[in-house]
Amino acid sequence: MASEDVKRSESAVSKIVNFAEEAKLAKEEIKPTKYQVYSICKSLVAGGVAGGVSRTAVAPLERLKILLQVQNPHNIKYNGTIQGLKYIWRTEGLTGLFKGNGTNCARIVPNSAVKFFSYEQASKGILYLYQQQTGDADAQLTPLLRLGAGACAGIIAMSATYPMDMVRGRLTVQTEKSPYQYRGMFHALSTVLREEGFRALYKGWLPSVIGVVPYVGLNFAVYESLKDWLIKSKPFGLVEDNELGVVTRLACGAAAGTVGQTVAYPLDVIRRRMQMVGWNNASSIVTGDGRAKAPLEYTGMIDAFRKTVRHEGFRALYKGLVPNSVKVVPSIAIAFVTYEQVKELLGVEIRISD
């Protein structure tokens, strides 16, 4: 029975544990199988590895995206993807391309782990309620229900690790010419807490929550819907034995990432700009140099949207979209594929040990 359970749970997010079986076990007072505990650990480990690998692979593009989002419009230093990467290489060297990546990995590993695990748990609960409401024990999640599960998972994961993301944004934009240097993630957290208060650690949280719905929700919904459609219709010979190959899963992840990031991108720009507000001795990237020097001042999300559009135009809401588009496709795709591959690897190991 444990072996059958393992096979049913190997898919990243689409195959849900059967609640009827769990109720039967509880009724018969049978203790949870070793697999049930292992499945939770497997989801957490696979999600963490997937997040760390995917982010590290695109770290230079991630840093450039943030620099383009928050740089002073009157003191442009980064003007495009190729020019921006060359400028970072020339002024900061190889380490400059990966600045902030350590903090990003420290944040994204628990974030991804909690996100994937929360999605599976939310999916189980939503499916159970849906089956109870419809009276159909064989009912499956619809794309809308998948969107809800994905959004819930994203909000939980993002909120749990948001302070790390906030200081990661500041660490990413500071350079050697910055008037004050954060020495690392913990130093940045303690400094912000001491100088700006606890609430400062959640600057930009509201647009982040709003952005979770289209970004994370659509990522999961589009990815899973594409997988289900391919398995059922089996077009172009892409499916063998009701399983998708790695390349096909990569394409599904790429499509899901493209849809999600395009819809949510303006909220990401506003989030980054709000994170820079109130930063004493901020990086010159944010404040500018010489007579162009001026601190960012926003009273909230709506004010940030209004001032950004009024002073820089609507296109400013999409600053950094090109490097983000280049990075998000392989990043999301690699995350999903790595997640499934790690789960399958761990699944093989437990079947052998059984």
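**Entry 1. Arg168 and Glu62**

I note here that the model is a predicted one. I then asked which residue forms a salt bridge with Arg168. The partner is Glu62, and the closest N and O atoms of the pair are 2.9 Å apart. I recorded that Glu62 lies in helix H4 (residues 59-70) and Arg168 in helix H7 (residues 143-173), so this pair ties together parts that are 106 residues apart in sequence. Glu62 has a relative accessible area of 5% and is therefore buried, the limit being under 20%.

**Entry 2. Arg55**

I next checked Arg55 against Glu62. Their side chains meet in a salt bridge, with an N to O distance of 3.9 Å. The cut-off for a salt bridge is within 4 Å, so I kept the pair. I found Arg55 to be buried, as is Glu62.

**Entry 3. Asp165 and Arg272**

I moved along H7 to Asp165. Its side chain meets that of Arg272 in a salt bridge at 3.2 Å, N to O. I placed Asp165 in helix H7 and Arg272 in helix H10 (residues 246-276), so the pair ties together parts that are 107 residues apart in sequence. Are these two residues buried or exposed? I found both Asp165 and Arg272 buried.

**Entry 4. The network**

I traced the shared partners further. Salt bridges join Arg55, Glu62, Lys65, Arg107, Asp165, Arg168, Asp268, Arg271, Arg272 and Lys327 into one network. For the structure as a whole I noted 20 salt bridges.

**Entry 5. H7 against H9**

I then examined how H7 meets helix H9 (residues 205-233). The two axes come within 7 Å and cross at roughly 135 degrees. That angle makes H7 oblique to H9. I recorded the crossing of H7 past H9 as right-handed. How do the residues of this contact divide? I noted 14 nonpolar, six polar and three charged residues in the contact of H7 with H9.

**Entry 6. Gln71**

I ended with Gln71, which is found in the loop between H4 and helix H5 (81-97). Gln71 is buried, and its relative accessible area is 5%. Which backbone atoms lie by polar atoms of its side chain? I found the backbone nitrogen of Lys77 at 3.1 Å from a polar atom of the Gln71 side chain. I also found the backbone oxygen of Tyr78 at 2.7 Å from a polar atom of that side chain.

Key: Residues are numbered from 1 along each chain as its sequence is written. This is a predicted model: local features need pLDDT of at least 70, side-chain atom pairs count only at pLDDT 80 or more; totals for chains, interfaces and linings use all residues. Side-chain values use heavy atoms; hydrogens and water are left out. Buried means under 20% relative accessible area, exposed over 50%, partly exposed in between (1.4 Å probe, protein chains only). Helices (H or I, at least four residues) and strands (E, at least two) are DSSP runs, numbered from the N terminus. Axes are lines fitted to C-alpha atoms, for helices over the stretch in contact, and angles run from 0 to 180 degrees between N-to-C directions. Angles under 35 degrees count as roughly parallel, over 145 as roughly antiparallel, 65 to 115 as roughly perpendicular and the rest as oblique. A crossing is left-handed if the near helix is turned anticlockwise from the far one by less than a right angle, and right-handed if clockwise. Ala, Val, Leu, Ile, Met, Phe, Trp, Tyr, Cys and Pro count as nonpolar, Asp, Glu, Lys and Arg as charged, and the others, Gly among them, as polar. A polar contact is a pair of N or O atoms within 3.5 Å; within protein, one must be able to donate a hydrogen and the other to accept it, and residues adjacent in sequence count only if both atoms are side-chain atoms.
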